[in-house]
Amino acid sequence: MGDRGRSNHSAMTDFILVGFRVRPEIHILLFLLFLLVYAMILLGNVGMMSIIITDPRLNTPMYFFLGNLSFIDLFYSSVIAPKAMINFWSESKSISLAGCVAQLFLFALFIVTEGFLLAAMAYDRFIAICNPLLYSVQMSARLCTQLVAGSYFCGCISSVLQTSMTFTLSFCASRVVDHFYCDSRPLQRLSCSDLFIHKMVSFFLSSIIILPTVTVIIVSYMYIVSTVLKIRSTEGRKKAFSTCSSHLGVVSVLYGAVFFMYLTPDRFPELSKVASLCYSLVTPMLNPLIYSLRNKDVKEALNRLLEKKNTIL
């Protein structure tokens, strides 16, 4: 059985992405929905990065992190959406082995990086509210760069381990992936290898990613809430909470979708697809909206940018 599995694994050159199990005519609606969402992702995140880069008033740690968040959202959604839209019109719905490896690696890289980056953003808000006088000293440009670089490093290490573990499995059952992109869980279902060690390592990886990031976020906000409640003026409380509400909204959407997907039993693959859709496309679409609609600085920077363009025209 091991030899047969290895031979089938070595002969595997592509996979078939089933996508959503709906009637063919619904594929047109899904394509239009994906196209609309992806267009909003491009417009929102490219726009957010442009505003942050061009406006010197936004040259602060908070917006440095936010610019990186937009970059991550833009790229990990781009790993998923174009191929999914192509498959709505394709009869074969195939993806090459190399394409599947690249898709899993890049998506895992960016999604884990975003988790660590959101933790760094929570720490930034903690320093800004709890130690405002020392904010510019503690959140130096060097520390911000190190936090972002560390987020990418953790994402890369996690992605290398997850991708290498997944594609050392023997895929001897089928090459049909019951998902709209290459993800580790649907790929595991195709394997005839013993998954015990693989699942234990995956659980360990998830634990060392989720527990520290969630702990940093929760502890940071416990201190933030404690500090804000000590502010006597209502206006001061409102202003302090407004700087955190956008970040909390992004964290809630991302982690809510991730937990929902991984807690969904394997016998409900369609629910997993919906949860995956939330954090792979809906979250990158909502993040710029959340930060722009609830952020006075971003709205003012956008108005200045539009006024500058009108003046040039």
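Me: How much space lies in the largest pocket?
Reply: About 1000 Å³ of space lies in the largest pocket of this predicted model, where a pocket is an open set of points on a 1 Å grid over the protein atoms alone, taking a 1.4 Å probe, with protein on both sides within 12 Å along at least five of seven lines. Grid points are joined across faces, edges and corners, and the volume is the space filled by probe spheres set on them.

Me: Before we go on, what should I know about the model?
Reply: It is predicted, and local features need pLDDT of at least 70, side-chain atom pairs count only at pLDDT 80 or more, while totals for chains, interfaces and linings use all residues. Residues are numbered from 1 along each chain as its sequence is written, and side-chain values use heavy atoms, with hydrogens and water left out.

Me: OK, which residues lie nearest the centre of the largest pocket?
Reply: Those are R185, S202, S206, I210 and Y262, out of 33 residues that line the largest pocket, lining residues being those with an atom within 4 Å of a point.

Me: And which helix gives the most to that lining?
Reply: That is α8, with eleven residues, helices being DSSP runs (H or I, at least four residues) and strands likewise (E, at least two), numbered from the N terminus.

Me: What about the second largest pocket, how much space is there?
Reply: The second largest pocket holds about 610 Å³, and among its 22 lining residues K239, S242, T243, K296 and D297 lie nearest the centre. Here α9 supplies the largest share of the lining, seven residues.

Me: Switching to rings, how many aromatic pairs are there?
Reply: The count comes to 17 aromatic pairs, taking rings of Phe, Tyr and Trp (its six-membered ring) with centres within 6.5 Å, and calling planes under 30 degrees apart stacked, over 60 edge-to-face and the rest tilted. One of them is F34 with F180, an edge-to-face pair at 6.1 Å centre to centre and 85° between the planes.

Me: Is F34 buried or exposed?
Reply: F34 is buried, at a relative accessible area of 2%, and F180 is buried too, at 4% (buried is under 20%, exposed over 50%, partly exposed in between, with a 1.4 Å probe and protein chains only).
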